Amino acid sequence: LTRQGPKGLRAAADILVGRRTHWSFDAWQRVEQTLGIRSAFFFLARKGSLLQYASGTPDGFYDVRDPRFRAVLHALAAGGWEIALQASYRAFESVERFVEEKQRLEEASGVVIRGHRHHYFHMNPGNPDDTLLMHERAGFAYDTSLTHDRYAGWRRGLCWPFYPFHRRLRREIRTLQLPLAWMDSQLLANRTIDRRSAQRALGDLVNRVSSESGLFLSDVHEYVFDDVLYPGWAQTYLELMAHLVSRGDFWLATPGAVADHWIARHARICAASTGLD
């Protein structure tokens, strides 16, 4: 209703009575199969509630252990898509929460969970280093949470994967950071930016990454495939991916595959280096 005003009344009513949902996995799979690409699906493993949402803990209301979710998790994994964890809003408060949620998603999906990002990118605002260290202790190979919530672009000025440096421990954190370039709402929820302007902005980001031989990582929510609720949002993503496919100068892979490549590359460089004498 905030986005569409009176035009959104019918869709809002359909949501209230359960006639319209965000279950768009089949549509997403069909499109990516056509393009010959695969993405990663990040699932929340902690089930929230409307009361918790209203009181400041805005986690999703679904349960990955539900049979319908188990079925789609297994289908995605069997089809070559990656399954990763979207940690709950307050997971940063203890490493045990990360471990518990990771194990719950592994049990529901039947695969080892290696990737992670925070719901709302919500890390410890007072000490993000300690949150990043929890990722390592929980056993994640990579994380994608060091980004802006409202603005496209790279938070720490890097479009390459990197190991964050823990200032207190004076060492690299062993969970690789994959910097996020763009999340859908950063451009498409902005009323002052039309879709054509959003496409131009994304084109500029892609060109910058290409010139730097870097990583272009995007975060798009499955609900945008409902064109009534989010008109043009899915099309913007699909046009972006079709553009990347047609360019031919990008390796199109899941975040997990990118992380595996970079981790192996880093190990080879370290093994070949004699350091500074």
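The following questions and answers concern a predicted model of a single protein chain.

Visitor: How many helices and strands does the chain have?

Guide: The model is predicted. Its secondary structure includes helix α9, at residues 233-247, and strand β3, at residues 115-118. In total, the chain has 10 helices and nine strands.

Visitor: Which radius of gyration does the chain have, and what would a compact globule have?

Guide: The C-alpha atoms fill a box of roughly 70 × 40 × 40 Å along the principal axes. For 277 residues, a compact globule would have a radius of gyration near 19 Å. The value for the chain agrees with this, at 19 Å.

Visitor: What percentage of contacts between residues at least 6 apart in sequence join residues at least 24 apart?

Guide: Contact here means heavy atoms within 4.5 Å. Among the contacts in the chain that link residues at least 6 apart in sequence, the share joining residues at least 24 apart is 71%.

Visitor: Which residues are in contact with Leu105, leaving aside its neighbours within four places in sequence?

Guide: Leu105 is among the residues that touch the most other members of the largest nonpolar core. With its neighbours within four places in sequence left aside, Leu105 is in contact with Phe43, Ala45, Val64, Leu73, Ile83, Ala84, Leu85 and Ile113.

Visitor: What is the phi of Tyr120, and where is its place?

Guide: The phi of Tyr120 is a positive value in a residue other than glycine. The place of Tyr120 is in the loop between β3 and α6. Its phi is near 60°.

Visitor: Is Ser213 buried or exposed?

Guide: Ser213 is found in the loop between α8 (195-212) and β9 (218-219). Its phi, near 55°, is also positive in a residue other than glycine. Exposed means over 50% relative accessible area. Because Ser213 has a relative accessible area of 62%, it is exposed.

Notes. Residues numbered from 1 in each chain as written. Predicted model: local features only at pLDDT ≥ 70, side-chain atom pairs only at ≥ 80, totals over all residues. Heavy atoms only, no water. Helix = DSSP H or I, 4+ residues; strand = E, 2+ residues; numbered from the N terminus. Core = buried A, V, L, I, M, F, W, Y, C linked by side-chain atoms within 4.5 Å. Buried < 20%, exposed > 50% of the residue type's maximum accessible area, 1.4 Å probe, protein only. Rg over C-alpha atoms; globule rule 2.2 N^0.38 Å.
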